[in-house]
Amino acid sequence: MTTEHILKNVNDIKIIDELYPRSAKDTKVIQRYADNIDVLPAIEINQNNILIDGAHRLSAYKHAKIEQIPCIITHTDTDQELFMLALMRNAGHGLQLSQADKKRHAIRLCGAVDDSEIIRWLSVSDRTYRKWTTDKRKQLKEERNQRILDLYLQCWTQERIAEEIAETQQTVSNVLDKFTKNGNIAKSCKDFKPELYNIWNFAKITNETHHPGNIPKEIIENLLYYYTKPFDVVFDPFGGGGVTIDVCKAWQRRYFVSDIQPTEIAKEKGMHTHDITIGLPDDLPKPNLVFLDPPYWNQMQGDYTELPNDLSNMSIDEFYETFAELFKTLHLKMANDGVLAFIIQNTQWKNDDKHVEPHSHVMWNLAEAAGFQFEHLIQVPYSTQQYNAQMVEYAKEHKIILQLNRELVVMRKP
């Protein structure tokens, strides 16, 4: 930080409200200063003519119609540095800040700067500062705790969370203990009404993120209801638009959600970029529930990505071989009694002869071969709007029964 002295035109001096600590000027002081212009010290500005100290003196020069004012120029690198200088200058000498201004700035700076520094800059006692900032410190603590929970739900380790928020690991552990003991689940989850039968018919997709692989959130909600408890780990390697993340956050389930090519919105939610065809993510915790909503083979060919390792762009043999390997690695990784659930529609219309490729049956067998045991088969119908008029007429003419449902297969690791 360097300083220099110079004369400046009064109209060139700028006062930035959010960077200047005084909320109001005293007109009596301005008049007194105007009457004693010759003995006033120079004002202080930075290299961009932004006022650091001397608002009353500047107004006095304008009131006296004097065009130029002596200035000390202090070079600042950031707005924060400028504000801190202005605060120290106005709080510690001359016409000091009002108590109201000091309180306002104490609240503003609380949490952003070390408490002892704020107390020194404002020239107030520790007791006064803590009284002024009681509500702010409570708010900051609540925000910190929520941040800890959010990162924990994203499957961050306690050590990593502590490093991220600059707290001790013990503090993180204590906060999480309170959350896990309280179990503050959202009211919408407490009021949730589960599906009682093995046909889950949902009217429409309710996730706001547009993605070709989006599914109704109620599918995830029912799986969480039946097969998990709060803070269990849910793994979804075909994250799509992020509906699994949305539901897990609401239900307080930890989630590790990835996709081969996640959208920017999904990344903002905490979705990982990972190609499940090359194996499980290295940092994946032991999951209690694995949910698979993969591309339904060539039904969505080219709609997700053009990548050759995209399941929708593979041959049918490669498609099944990928799942055979995935089921084996999942069985090794998952917690005992963990649940594997996959949803898929059998391919029909994309096949030249319109035969049904029984994905769910084949994948069921592959999962059993990997060591999983069958638990439930749930039908999840589509709307009839999946087929247009031409498709329906073709089916009538050729006596074809059209596929109108997805199958949700639930299996368990014994």
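In this predicted model, the side chain of R254 lies over the face of Y152, at 3.9 Å from the ring centre. A pair of aromatic rings is described by the distance of the centres and the angle of the planes.

**The pair Y152 and F231**

- The ring centres of Y152 and F231 are 6.1 Å apart and the planes meet at 45 degrees, so the pair is tilted.
- This pair links distant parts of the chain, since Y152 belongs to helix 7 (residues 134–153) while F231 lies in the loop between helix 11 (217–227) and strand 5 (233–236), 79 residues apart.
- Y152 is buried, with a relative accessible area of 15%, and F231 is likewise buried, with a value of 11%.

**The pair F192 and Y225**

- F192 and Y225 also form a tilted aromatic pair, with 5.8 Å from centre to centre and 55 degrees between the planes.
- Distant parts of the chain are linked here too, with F192 in the loop between helix 10 (187–190) and helix 11, and Y225 in helix 11, 33 residues apart.

- One aromatic cluster is formed by F238, F319, Y320, F323, F327 and F342.
- The charged end of R108 is placed over the ring of F83, at 3.9 Å from the centre of that ring.

Note on methods: Residues are numbered from 1 along each chain as its sequence is written. This is a predicted model: local features need pLDDT of at least 70, side-chain atom pairs count only at pLDDT 80 or more; totals for chains, interfaces and linings use all residues. Side-chain values use heavy atoms; hydrogens and water are left out. Rings of Phe, Tyr and Trp (its six-membered ring) pair if their centres lie within 6.5 Å; planes under 30 degrees apart count as stacked, over 60 as edge-to-face and the rest as tilted. Helices (H or I, at least four residues) and strands (E, at least two) are DSSP runs, numbered from the N terminus. Buried means under 20% relative accessible area, exposed over 50%, partly exposed in between (1.4 Å probe, protein chains only). A charge sits over a ring if NZ of Lys or CZ of Arg is within 6 Å of the ring centre and within 35 degrees of the ring normal.
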